[in-house]
Amino acid sequence: MVKENLAITEERIKAVCERAGRKPGSVTLIAVSKTKPVRLIEEAYEFGIREFGENKAQEMKEKYDMLPKNISWHFIGHLQTNKIKYVVGRACLIHSVDSLHLAEEIEAYCEKKGLDADILIEVNVAQEETKSGIKPEETEQLVKNIAGFSHVHIKGLMTIAPFVENAENNRMIFRALKDLSVDIGRKNIDNVSMNILSMGMTNDYEVAIEEGATHVRVGTAIFGERNIVL
Ligand SMILES: *Cc1c(COP(=O)(O)O)cnc(C)c1O
């Protein structure tokens with residue numbers, strides 16, 4: 001099942017890229033394996049997938065320890081400061097930094113361990129009360145504050161769009177994140193890159209790609225429904 005699903009997903013990504021005039025290969029598929037067993041991750045690995053996404057620090061650490069070391073783990077969940085130790089040094093990218101405090105704690109941990117951490121700033125474009133992420137209008141200031149750190153490196157922006165039946169309803173959210181990343185990129189801030197745009201999930205990744213996503217985070221379409229509430 002997983003392999004068939006991956007083949008379909010990759011085919012769709014390729015088709016959107018063609019339609020949107022983007023190079024195939026300009027979009028990285030992150031297989032979101034949260035709550036799913038190692039057996040299914042191994043199936044995706046055999047298919048050739050090397051980028052996986054997890055949203056719980058300990059779960060990511062356990063899977064990291066069990067699976068091949070050439071996997072790139074993306075941490076996509078809310079990160080509590082006391083769980084930084086499980087994630088830094090294991091995740092290739094932390095997608096969900098949304099406060100100076102969290103960035104400072106990551107920096108301090110990196111300093112202590114002699115590590116570096118690549119991060120994205122999570123922006124709450126949809127301005128939903130319940131969602132994590134910094135407000136769009138506060139993003140540039142946060143980026144500037146983190147830019148001075150020695151070990152934490154900003155690589156771009158991430159957003160979680162609302163769940164909608166019609167993906168078109170999220171197009172303006174993706175466009176707004178892209179615009180924000182272009183605006184910040186133009187400032188040429190030292191130690192800040194805006195090359196990564198992490199947006200789009202099972203229901204809306206095609207629209208996200210049309211609007212410039214470089215990384216899509218797809219779970220359900222690959223591994224099936226998750227039966228526990230997160
Ligand atoms: C669970 C999750 C995904 C994947 O969602 P699907 O709808 O299953 O594709 C993507 N991004 C984040 C941040 C998630 O928590």
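Here is a short chat about a predicted model, covering its ligand, a pocket and one lysine.

Colleague: Let's start with the ligand: which residue has a side-chain N or O atom 2.5 Å from an oxygen atom of the ligand?

Modeller: Happy to look! The shell around the ligand includes Lys34, Thr202 and Gly219. Gly219 uses a backbone N or O atom, 2.8 Å from a ligand oxygen, while the side chain of Lys34 places an N or O atom 2.6 Å from a ligand oxygen. The side chain at 2.5 Å belongs to Thr202.

Colleague: Now the second largest pocket: which element gives the most to its lining?

Modeller: This pocket has a volume of about 190 Å³, and its lining has 6 nonpolar, 2 polar and 2 charged residues. Two elements, α1 (2–20) and β1 (28–32), each supply at least two lining residues. With 4 residues, the top contributor is α1.

Colleague: One last thing: is Lys112 buried or exposed?

Modeller: Good one to finish on. Lys112 sits in helix α5, which spans residues 100–113. Its relative accessibility is 66%, and the cut-off to pass is over 50%. Therefore Lys112 counts as exposed.

Notes:
Residues numbered from 1 in each chain as written. Predicted model: local features only at pLDDT ≥ 70, side-chain atom pairs only at ≥ 80, totals over all residues. Heavy atoms only, no water. Buried < 20%, exposed > 50% of the residue type's maximum accessible area, 1.4 Å probe, protein only. 1 Å grid on protein atoms, 1.4 Å probe; cavity = no way out; pocket = protein on both sides within 12 Å on 5 of 7 lines; lining within 4 Å. Points joined across faces, edges and corners; volume = space filled by probe spheres on them. Nonpolar A, V, L, I, M, F, W, Y, C, P; charged D, E, K, R; others polar. Near = heavy atom within 4 Å. Polar contact = N/O pair within 3.5 Å; in protein donor to acceptor, adjacent residues only side chain to side chain.
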